[in-house]
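Okay, thanks everyone for coming. Let me put the structure up and then walk you through it.

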Amino acid sequence: MLGTRGVPACYGGFETAVEEVGRRLVDRGHRVRVYCRGSGTASGSGTGTAGARTYRGMELVTLPAVRRRALETLSHTGLSVAHLLAHRTDVALVFNAANAPLLPVLRAAGIPLATHVDGLEWKRAKWAGAGQRYYRAAEAAAVRWSDALIADAVGIADYYRTEFGVPTTLLSYGAPVLAPQADDAVTALGLVAGGYHLVVARFEPENNVDLLVDGYVRSPARLPLVVVGAAPYAHDYTARVRALVGDDPRVRLIGAVWDQRALDQLYVHALTYAHGHSVGGTNPSLLRAVGAGTATLAYDVSFNREVLGDEGVYVRDAVGVAQAFADAEAAPAATAARGERLRARASRYDWDAVAAGYERLVAALAAHRTPGPALGARRRHAWSAEAEALPGLAVVP
């Protein structure tokens with residue numbers, strides 16, 4: 001499993017998937033190797049595995065990366081591929097379509113591979129210009145050089161079928177069902193169980209932290225808004241969020257929280273969880289809120305509706321966000337009941353079932369029973385307003 005920051009999972013969805021799926025494949029009798037990014041990378045997001053050779057039964061290989069945003073992922077994956085060629089495995093699972101330029105090397109070595117294509121990275125503002133063109137080219141390369149493609153949301157599967165005419169294997173993430181939690185970590189922050197709203201997100205424009213904060217500041221909400229998160233390279237965006245907060249004492253920007261126990265408490269005891277992600281497919285943070293039984297308001301895109309269904313409250317602008325917070329506080333019992341109904345949806349996102357899907361896929365890859373690379377596939381839509389309206393996409397204001 002390569003192309004991510006590795007395990008233990010302490011950054012995002014890919015890392016969560018690698019840990020949850022990898023350890024279950026080990027339990028099922030498979031040997032699993034995970035390529036990890038060493039500490040000291042530009043993102044500051046090394047896995048802390050330096051010197052460790054195993055984690056939860058998985059073999060770890062920790063390698064460095066170039067300390068620049070545009071090169072960090074690809075440089076680390078390049079070293080991972082070089083190591084893999086010298087230490088072959090039966091199957092490779094490559095995470096992130098951005099790594100697609102390296103796929104021909106694995107194919108030339110005869111290693112069956114599947115690429116987890118992630119969300120629609122070319123829509124992220126941080127990849128403006130050349131970065132967006134690169135990501136769109138990488139999507140096409142992943143289609144042409146992968147034996148199979150993995151999508152984590154129906155919207156992503158629809159996108160690849162509409163854009164390239166190719167199938168994907170739909171393997172979402174799991175929703176951890178959180179048991180009742182203590183509240184010591186919550187009270188240590190000066191908060192009261194059931195007495196705050198929560199946002200957990202990297203500070204990137206497409207996660208709409210600024211929209212959620214703006215809407216909250218405009219609202220008459222009495223309960224505080226706790227914002228968990230930060231991001232490397234996002235100084236300007238962070239400054240925008242702070243400017244929107246201004247001197248509003250109701251907003252608490254507490255930065256990243258790496259203690260999973262504390263984070264679980266924050267999810268479980270929040271009155272609402274606000275989710276602004278708009279381009280990344282199925283999101284583990286959203287699934288954690290579902291598993292916590294926390295009422296959720298979310299940016300209105302197909303990925304979020306797929307997870308929340310009729311139990312979600314959907315927003316597209318600051319006015320809608322302000323109204324959603326006000327409504328939640330006006331009827332706290334109804335808000336809590338909506339959260340409990342969401343918890344029932346968590347059974348649709350089970351890590352054991354997800355791992356079983358990966359096991360079937362790797363068996364098919366090893367037996368050469370997957371669709372194979374679509375070498376002749378071409379993008380069907382130019383980059384245009386029409387392309388942005390394809391299934392699963394949303395225009396971020």
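So, to start with something to look for: which residue in β3 is the bridge partner of R37? It's L63. Keep in mind as we go that this is a predicted model.

That pair belongs to an open sheet of 3 strands, with the order β1-β3-β2 and mixed pairing. The edges are β1, residues 33–37, and β2, residues 54–55; each of them has a single partner strand, so one side of each is left without a neighbour in the sheet. Between β1 and β3, which covers residues 58–63, the pairing is parallel and runs over 5 bridges.

Now the helices around that sheet. Helix α1, residues 13–27, packs on the sheet and touches β1, β2 and β3. The direction of α1 makes about 140° with that of β3. Then there's helix α2, residues 69–86, which lies across β1 and β3 and runs at about 145° to β1.

Okay, next sheet. This one is open too, with 4 strands in the order β4-β5-β6-β7, and here the pairing is parallel. At the edges you've got β4, at 92–95, and β7, at 169–170, each pairing on one side only. If you follow β4 across to β5, residues 113–116, you'll find 4 bridges joining the two. One to click on is F95, whose bridge partner in β5 is H116.

F95 also turns up when we get to the cores, so let's go there. The largest nonpolar core has 58 residues. Those with the most contacts inside that core are L106, Y160, V209, L225, V227 and F325. Take V227: leaving out residues up to four places away in sequence, V227 touches V199, F203, V209, V213, V251, R252, L253, I254 and G255. Apart from that core lies another one, of 57 residues, and that's where F95 sits, with Y196, V362 and L365 also among its members.

Last stop, a helix pair. How do α10 and α13 cross, and at what angle? The axes of α10, residues 284–292, and α13, residues 332–345, come within 6 Å and cross at roughly 110°, which makes α10 roughly perpendicular to α13. On the α10 side the contact is made by V290, G291 and A292, and on the α13 side by L342, R343 and R345. Sorted by class, that contact has 3 nonpolar, 1 polar and 2 charged residues.

How values were computed:
Residues are numbered from 1 along each chain as its sequence is written. This is a predicted model: local features need pLDDT of at least 70, side-chain atom pairs count only at pLDDT 80 or more; totals for chains, interfaces and linings use all residues. Side-chain values use heavy atoms; hydrogens and water are left out. A nonpolar core is a set of buried Ala, Val, Leu, Ile, Met, Phe, Trp, Tyr and Cys residues joined through side-chain atoms within 4.5 Å. Buried means under 20% relative accessible area, exposed over 50%, partly exposed in between (1.4 Å probe, protein chains only). Contact means heavy atoms within 4.5 Å. Two strands pair if DSSP finds at least two bridges between them. Axes are lines fitted to C-alpha atoms, for helices over the stretch in contact, and angles run from 0 to 180 degrees between N-to-C directions. Angles under 35 degrees count as roughly parallel, over 145 as roughly antiparallel, 65 to 115 as roughly perpendicular and the rest as oblique. Ala, Val, Leu, Ile, Met, Phe, Trp, Tyr, Cys and Pro count as nonpolar, Asp, Glu, Lys and Arg as charged, and the others, Gly among them, as polar.
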